[in-house]
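The following dialogue shows how a student may learn to read a protein structure. Please keep the sequence and the model in view while reading.

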Amino acid sequence: MNARTTADTPNTGGAGSTVLVASDLDRTLIYSAAALGLDMPDDLAPRLLCVEVYQGKPLSYLTETAAVLLAELARTTVFVPTTTRTREQYARIHLPGPRPEFAVCANGGHILVDGKSDPDWQQHVRRTLAAGCAPLAEVRAHLSRTADPAWLLKERTAEDLFAYLVVDRARVPDGWVDELAAWAGPRGWTVSLQGRKVYAVPKVLTKSAAVAEVARRTGAGRTLAAGDSLLDADLLLAADAGCRPGHGELADTGWQAPHVTALGRRGAEAGEEIVRFLLRAAGA
Ligand SMILES: [Mg+2]
C-alpha cells in the first residue's frame, strides 16, 4: 500500500512496486464537444487535442495540458484504459503516450492485451454471466416493450454482453429510469444513465473484476482508479485510492467513499485535475 516510486524509477520494476492506474475514459479523461463544459471566456479557453474521429468528424478531446500529463502517467505506471465502450469504439481513440499494454473494454467483458482480446478472460466472462444474471434477450425485450419511440433514438447491444439506449433525455418521463432499475435489479442487472445513454449491464460484469485480473498478471502492488459514473463505482471501491470529477452520475448522486477523492472541477478541466491527481498518487 505504501509503495512509492519516483519519476526516475519506472514503477514497472519488481512485483509489488508496480502502480496500476485504471481510469474510465468518457467524461473522465476524454470529452465530447457537448461534455467539454468550456464556460470560461473564449479567449481563456484551453487548447484542445482531438483523440477520436467518428465518421470523419472530430468527436473526443482532452486539453493539451492533460495530454502531456497523461503521456507521463502512461510512461511511469501501468496505465489501463478501463471503459464501457466496445472494442470497436475503443479502437477509435488514440491517447497520447505509449500504447497501453492492457485495456479493459465492454465494462470488463474484454481484456485487451496488446490490442487483442484475451480468450481466457472471454471464457471466464461467459461462464460468470451464464450463472449470474437473466439473459440479455430478456432485458432487450423489456426495453423494447417499455421504451417509447417518441424519445427512443437508438437501441443497441454491445458485444452481445449488455444493452444501451440512446434517448432524447429531456423527453424521457420522470421515473422511467428508476422503474427500469427496479425491474432490472432482481434480475441481476444494473442501470446507469450517462448523458444521452441509458445502459443496462449485468451486475457481475464489472470493470473491477477485469482490472483485478490485470493487476494479478502485472503483479501490481497498488491500484489507483478514476471514473465519473455509476459503472465506475465498483472500480473506485476496489482501488487503493481514486478520484471522481465534479460532474457526472457519481457527483450528482453524492456518491462517496473514504479513499476516493471528490474533485471539484467539471468538464475538460476536470480531466486535467484527474490526471494530476493520479500522477501525484502514483508518486510519479
Ligand atoms: Mg465515464
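Q: Which residue in β12 is the bridge partner of Leu 165?

A: Strands of a sheet pair through backbone hydrogen bonds, either parallel or antiparallel. Here, the bridge partner of Leu 165 in β12 is Val 198. This is a predicted model, in which local features need pLDDT of at least 70 and side-chain atom pairs count only at pLDDT 80 or more, while totals for chains, interfaces and linings use all residues. Residues are numbered from 1 along each chain as its sequence is written.

Q: Why is strand β10 described as largely enclosed?

A: A residue is buried if 20 or more other C-beta atoms lie within 10 Å of its own, exposed if 12 or fewer, and partly exposed in between, with C-beta atoms placed from the backbone. Five of the six residues of β10 (residues 162-167) are buried, so the rest of the structure largely encloses this strand.

Q: What is the order of the strands in the open sheet of three strands?

A: The order is β2-β4-β3, with antiparallel pairing. Because β2 (31-32) and β3 stand at the edges with a single partner strand each, one side of each has no neighbour in the sheet. β3 and β4 pair over six bridges in the antiparallel sense, and Val 53 stands opposite Pro 58 in β4. Helix α1 packs on this sheet, touching β3 and β4, and its direction makes about 70 degrees with that of β4. Such axes are lines fitted to C-alpha atoms, for helices over the stretch in contact, and angles run from 0 to 180 degrees between N-to-C directions. Two residues are in contact if their C-beta atoms, placed from the backbone, lie within 7 Å.

Q: Which residues of α1 are buried, and what covers them?

A: The buried residues are Ala 66, Ala 67, Leu 69, Leu 70, Leu 73 and Thr 76. Their cover includes β1 (19-23), β3 (48-54), β4 (57-63), β5 (78-81) and α9 (268-282).

Q: What is the order of the strands in the open sheet of five strands?

A: The order is β5-β1-β13-β14-β15, with parallel pairing. Neighbouring strands of this sheet are turned by 15 degrees against each other on average, direction ignored. β1 and β13 (residues 222-226) pair in the parallel sense over five bridges, and in β13 the bridge partner of Leu 20 is Thr 223. Helix α9 packs on the sheet, touching β1, β13, β14 (241-244) and β15, and its direction makes about 170 degrees with that of β13.

Q: Into which domains is the protein chain divided?

A: Domain bounds come from an automatic or database domain assignment. The chain is divided into domain 1 (19-126 + 208-282) and domain 2 (134-202). Their C-alpha centres lie 24 Å apart, and 11 residues of domain 1 are in contact with 10 residues of domain 2.

Conventions. Helices (H or I, at least four residues) and strands (E, at least two) are DSSP runs, numbered from the N terminus. Two strands pair if DSSP finds at least two bridges between them.
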